[in-house]
Amino acid sequence: MTTLPARPAAPTYDTPESDNYLIHDKGIPSWLLTLDHKRIGVLYTVGVLLSFFVGGIFAMLVRTELLTPGRTIIDAETYNHFFTLHGAVMVFLVIIPSIPAALGNFVLPIMLGAKDVAFPRLNLFSYHLWISGAICTVVSLVMGSFDTGWTFYTPYSTTTTAGGVIPVIVGVFILGFSSIFTGLNFIVTIHKLRPPGMTWFRMPLFLWALYATALIQVLATPVLAITLALVVVERIANIGIFNPAMGGDPVLYQHFFWFYSHPAVYIMIVPAMGIISELIAVHSHRQIFGYRFIAFSSVAIAIFSFIVWGHHMFTSGQSSLMNTLFSAISFSVAIPSAVKIFNWICTLYKGSISLNTPMLYALAFIVLFTIGGLTGLHLATLNTDVHLHDTYFVVAHFHYVMMGSALIAMVGGLHHWWPKITGRMYNEKLGMIACAIVFVGFNITFFTQFMLGSHGMPRRYYDYQPEFQIYHVISTIGSYIMASGFLLTAMYLVQSLVSGKRAPANPWGGATLEWECASPPPYYNFHEAPKVGDPYDFSNLHWDERGEGYVTVKPPAAKA
Amino acid sequence: MSAHAPAGDHHAADGHDDHGHGGGHGHHNAEYPFLAHHFETPAQQFDSAKLGMWLFLVTEVLFFGALFVGYAVLRNRYPDVFTYASAYLDTTLGGINTAVLILSSLTMAMGVYFAQTGRKTALVVCLWLTMAGAAGFMVIKYFEYTHKFHVHLVWGEGFYKPVTDDGGLQSAELSSKAPVPLAPAQTTMSAGTVTAQQLAMPAFVQMPAGEQTAIAPPAAGPAGMAPAVIDAKAAEHAADPATHGDEALHLEDAAMPPNTHLFFAIYYAMTGLHGIHVLVGMGVIGWLIVRAGRGEFGPKYYTPVDLVGLYWHIVDLVWIFLFPLFYLID
């Protein structure tokens, strides 16, 4: 490539400041009442990261308490409240909205080449619902919090004297509708707002993943909503449908709950996989391997997600036939998941890999998700599950999937799109160091818990036998390491806002549409409808020293 | 949609640059003032709205679906409860309500047609008729509910608790006759001092000895419960509403199977949720009446009427399932 054709006349890195979504309007109302999907995405991101901080503090308190058997810093009642709060905040306020609502809102319409989502007002309403749900959680804290576990199992949740159960359940009900409306918006946007040329198989894989996620959000969440409504009614009016003492059926509650909450696990992981598909392809500068397999495996996971919920109730008195069926179907989820892993690794193979922060997070994801996924098979096996059920093995497994995979992908995606969202570059060196700290800390924390669990330490316990202490101490130390990694991340990200280098339009060499508009994007995303090409064709993208970004250079043949 | 093609061209000519848009998503298309800025054509906007509404209806189906599953589980576990308790529902009122709702669906569908054809007066009349149907449904439902409250056909504890004029309980007197034995503790319990714990584990429910698992046992029901008894009750109930109106017949009925309160729990849960949807429907139909009165709907733009129509039909459809499942058992 010695004779490059003429460079484009106006590289986008010197986009006039007058036209970008961050400064288009000023004042707090212009943010809180905005209909712009980018701003709503930013608002979600801020909310989700704040909630992540709060949920993380609860996690640190729980881990610290577990340093010694018996009381370390808090009493048993408080401990029950804290692990419940950690779980509820992390699941409902952080992970579920983190990728679809925060990053998805920002990225989806731009990637698609649309000006906005299909229903901007509904999008804003979703965000306001999210805020209301968060407020309900705070109200619950004020009214005495709750100690039910994030699963709200009946009859305990309908009889506990903790004062904040009703507000938090109302909060989760509201958050559910926030999630439903976001999903509905995304489905319609992807169906109806694709510009000419954007066929289904030219859609970036992140959009396929968001589409599959949205299907789950729309189809599973209403069941959780009505179930939680019944729990509230049961607490207020004592209707007895879930109360065994009144002839009701608590396992019915578990079925309803997991009919949502198992698919909810895929609401967390499928968009994470979508992000990883983008990160791996862009930072390997190589055509994604097996595009259609990755796309369809997202949809396959969405479908499977609806028929495996019974594996949460292997020990709840289900019939053996049901257990066998649910076990078998749960195994089959491994197939589409492994398809993705193999495709990512094949994409890396002979790729021109840029080993930067987003790529490090993507590689961390592959390792952590493989561990999390494979340990899921232990739990899907009926006989081992009887031993491992409700132990720290389960805790370690779902942290590897929810945190080690979903949240790591969220953080990786945040780094990947950070220049696009904020218009600033973060400190790459610190980013790589922080990623390494988080990765090491995470494994020290949770790999230890696999051992704890297989030795029989039950989850959620306040006290434990002295022989478990060494594992608990190691795990807690790991959690401190991980927390310091995240604090470092927060520091350099904030610093980048203040004094970060201006970001070029295309700092990584991505071929999807969002890299064609300026960083940060203009208010209406595209002044003219973008030309849609292959989202993973990197052959025309070349590094431009002057702008320290990638520019598209048409091959001479195309010009002729 | 060839009729809409000029709109697309017009819009494209309008351009998407910033001028005049301000902070809002307002659009200044003279021909199609309702067209939002991020859509290219009215057809695209209409199709998007319609797809969104259908997805919302899917969530509604799932929302009610969980309750239908709950109904199925309870009915499968306590078949005799459902056969027995259904006789206490007033089939006539339920039937009238079914007819009223189906008619209101018809007027709604006609309203959509009149909106599409731009006949403003006919549209407003149809919307008012639909509103009247919804209101009529709620009025009848109100009488059904209040009557049942009066005779203790309610959920949970109240189902077993007759209240005297001064508000005291007659439990002690009742306990000898009641089909479901009341524990001694209950005789001293007054409504005002019920603790959360007592509410959670009420003593009035019959638990077969030895069944201590978390899973409720299938109720055996009174062995060989004679259908004749139920029929007689039902006949009495139908034939003599005057006496029925003042008494809680089930309290003295030896044939009442255990856990009959669960029928009313699921009955109120499902019909209550449906009633809330009717009320919401009345709200949005009222909003349509206002907008239709202003002449905002016509052949070019009738999306809200169409979407509310879809919503109204699903509310109707849910009732069409609820009616036989509760009122027409046996």
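Helices (H or I, at least four residues) and strands (E, at least two) are DSSP runs numbered from the N terminus, and the expected span of a helix is 1.5 Å times one less than its number of residues. The model is predicted: local features need pLDDT of at least 70, side-chain atom pairs count only at pLDDT 80 or more, and totals for chains, interfaces and linings use all residues. Residues are numbered from 1 along each chain as its sequence is written, with chains lettered from A and ligands numbered from 1 in the order in which they are written.

**View 1. Helix α15 of chain A and the residue after it.** Helix α15(A) covers residues 428-454, 27 residues in total. Its first and last C-alpha atoms are 39 Å apart, close to the expected 39 Å. Just after this helix, A:G456 has a positive phi of about 105°.

**View 2. Chain A as a whole.** Chain A contains 17 helices and 2 strands. Its C-alpha atoms fill a box of roughly 80 × 45 × 45 Å along the principal axes. The radius of gyration, taken over C-alpha atoms, is compared with a globule rule of 2.2 Å times the number of residues to the power 0.38. For 560 residues a compact globule would have a value near 24 Å, and chain A agrees, with 24 Å. Two residues are in contact if their C-beta atoms, placed from the backbone, lie within 7 Å. Of the contacts in chain A between residues at least 6 apart in sequence, 83% join residues at least 24 apart.

View 3. A residue is buried if 20 or more other C-beta atoms lie within 10 Å of its own, exposed if 12 or fewer, and partly exposed in between, with C-beta atoms placed from the backbone. By this count 57% of the 560 residues in chain A are buried. A nonpolar core is a set of buried Ala, Val, Leu, Ile, Met, Phe, Trp, Tyr and Cys residues joined through C-beta atoms within 7 Å. The largest such core has 237 residues, and A:M268 and A:A406 have the most contacts inside it. Beyond its neighbours within four places in sequence, A:M268 touches A:I95, A:I96, A:M402 and A:A406.

**View 4. Helix α4 of chain A and its cover.** The 23 residues of α4(A), 120-142, should span 33 Å at 1.5 Å a residue, and the end C-alpha atoms are 33 Å apart, in agreement. Buried residues of this helix include A:Y127, A:L129, A:W130 and A:C136. Their cover includes α2 (37-65), α3 (76-112) and α6 of chain A. A:G144 follows the helix with a positive phi near 120°.

View 5. Two strands pair if DSSP finds at least two bridges between them. Strands β1(A) (541-544) and β2(A) (549-552) are antiparallel, with 4 bridges. A:W543 stands opposite A:Y550 of β2(A). There are 4 residues between the strands, and A:E548 in this hairpin takes a positive phi near 50°.

**View 6. Helix α5 of chain B.** The 31 residues of α5(B), 120-150, should span 45 Å at 1.5 Å a residue, which agrees with the 45 Å between its end C-alpha atoms. Among its buried residues are B:L123, B:L127 and B:F137. The cover over the buried residues of α5(B) includes α4 (91-116), α11 (261-293) and α12 (303-327) of chain B. Just after α5(B), B:H152 has a positive phi of about 65°.
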